[in-house]
Amino acid sequence: MKNQNPFNLLFPLNAEQLNYFNKLDSSCTDIQRAWLSGYFWHSVNKKSNNFTTDINKKNVNDTLITIISASQTGNAKLLSERLYKYLNKNNKKSRLINAFDYKFKKIQDEKILILIISTQGEGEPPEEALSLYKFIVSKKAPNLNNLYYSIFGLGDKSYNFFCQAGKIFDNRFQELGATPLLNRFDADIEYEDDYNHWSKDLLKSINNIQNSQSCDTFSNKTSSSVILKTNFSKKNPATGVILTNQKITGRYSNKDVHHIEIDIKDLNITYQPGDAIGIWYENDINLVKKIIQLFSIDLSEPVKIKNQVITIFDALKNHVELTNNTKNIVKNYANITQNTILKKIVSNESSLQNYVLETPFVKMIHDHPQKISSRQLLSFLRPLTPRLYSISSSQEETPNEIHMTVGVIKKIISDCVYLGGASGYLSQSLQVDDTVKFFIETNNNFRLPENSNLPIIMISTGTGIAPFRSFIQQRDNDGSTGKNWIFFGNTNFTEDFLYQLEWQEYIKKGLITNMHVVWSRDQENKLYVQDKMRENSKEIWSWIQEGAIIYICGNATKMAKDVEKALLDIISENGKMNLDNADEFLNNLRLNKRYKRDVY
């Protein structure tokens, strides 16, 4: 019935508009309604986004002084609150934040930072400041040339490590290039008079900076540390340092997934959630030596690559693909060697296809060795190309880092382990402090909505969760109010729940509205994400009606097709339309940028 339309109940339209809307609604097909829905949402997005941007700019400009409270017994907290009131009373724009809640990875954006901190135990910072402390003393800490700071430490002179936490922060801030507003103050148990003098001196120091040099103080200080942006690309990659390389699947998992963090703080690189990182990898040295040995070639034999003379060892290590076998490689090797077994395999297309899938290049030449020249070898090997991985971090969350979630490609044949070229290099060869060559591959087709209030549905399996980690980090930093729903599938709960603790924190925080996980091997009958989707069919349809954007990330061959089929069934069932119309409806979502896939 028309009078049950939600527009009638809420009355956002006048009588004339409502009458026109009802006439339009009655004359539209489901497909046309979907198009109109996308059109109106797009219109709202542009207006809402402009408004939000203006508000954010205003907040950034107004928030000049940050006061961090790092308290153990409550004294630092009370003094921080007093300082906050005192500065605001004197017309100094400031914000007060607990050390536990402080987004420390964005500390380089601060202009003036005041830290009031106590010390506990053997000179350790308070529990609530541990994360900030570990970050500041780590290699991940950014350059702080643009920062003015002051530290008021609270302690007890009867202890050996009097105000040690404040001293550590003070020394480290200066090492990172920050400028003290005042000398650090180390206060004993009776700190009232000391605090009063310090707070007044602090206000004078802030006034001196703002009044004598105005904004020039900040602009001059900034100009001395500006780094001209380098146009890194596939042909001109950046070089980053490995900060973390950690296996994040369980001991008994049949998968080997690594979380890798790369330092970019001196590279002036920018990226967005949804982008990929391209890795220029090196072939494993042992693999290179084995291949050279099997062909009885001298390691130092000179060869010509791209008009440059290098050794065959260097050529195989850095310039050609060695881990992916192909039909052309098998055909060429069979032709050069005239090996009867390989020629028989090549003569049958089905046999050749299966052979390529099951037999790595090095195993093929091990099984069918033949002495050939380095020139012949290079003639049929493909050039080495970079591998792309979805970035699993938001630069708002980690300004000086890029995170990757790498699933190691592994085959075990006759008790021998064969690793993928890039995934093996990233997981096994690179250690902390090693360098890696990379570039950013933008992906404008896999972006968060401009309007952060819109709901989003994210569907993934395995390492396909990577870009959704960056999405949630971004939505968290943006203060997005849009609902977030994650579907995630993997093999086993205890071994393969990637980033489990992070998701639990976001759920507790209320940022993730729904999260449905499914483990294919944890019960007798296998279950997959599409099964969970069908169980939540009505709610998914409700979110679609609210304007939700749907994202899929995972394997293109199986997972993406099965998920799309589930979506078509959900649309058909709840939208009361046949599969052809459901397909057209889904295609309209795609055209309106409400159905996005990043599949591989």
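A residue is called buried here when its relative accessible area is under 20%, exposed when it is over 50%, and partly exposed in between, with a 1.4 Å probe and protein chains only. This is a predicted model, in which local features need pLDDT of at least 70 and side-chain atom pairs count only at pLDDT 80 or more, while totals for chains, interfaces and linings use all residues. Residues are numbered from 1 along each chain as its sequence is written, and side-chain values use heavy atoms, with hydrogens and water left out.

Begin with the whole protein, coloured by pLDDT, the predictor's confidence in each residue from 0 to 100. The average is 87, and 87% of the residues score at least 70. Helices (H or I, at least four residues) and strands (E, at least two) are DSSP runs numbered from the N terminus, and the protein has 23 helices and 21 strands. Of its 600 residues, 48% are buried.

Where pLDDT is low, the predicted coordinates should not be read in detail.

Move on to helix H4 (residues 75–89), whose 15 residues reach 21 Å from first C-alpha to last, close to the 21 Å expected at 1.5 Å a residue, the expected span being 1.5 Å times one less than the number of residues. Show the side chains of Ala-76, Leu-79, Ser-80, Leu-83 and Leu-87, which are buried. Viewed down the axis of H4, the buried residues fall within an arc of 105 degrees, so they line one face of the helix; the arc is that of the directions from the helix axis to the C-beta atoms. On the face turned away from the buried side of H4, look for the exposed residues Lys-85 and Lys-89. Just after H4, Asn-91 takes a positive phi of about 65 degrees.

Then centre the view on Ser-452, in the loop between strand E16 (435–441) and strand E17 (456–461). Ser-452 is buried, with a relative accessible area of 15%, and, leaving aside neighbours within four places in sequence, Ser-452 is in contact with Arg-475, Ser-480, Thr-481 and Gly-482.

Note on methods
Contact means heavy atoms within 4.5 Å.
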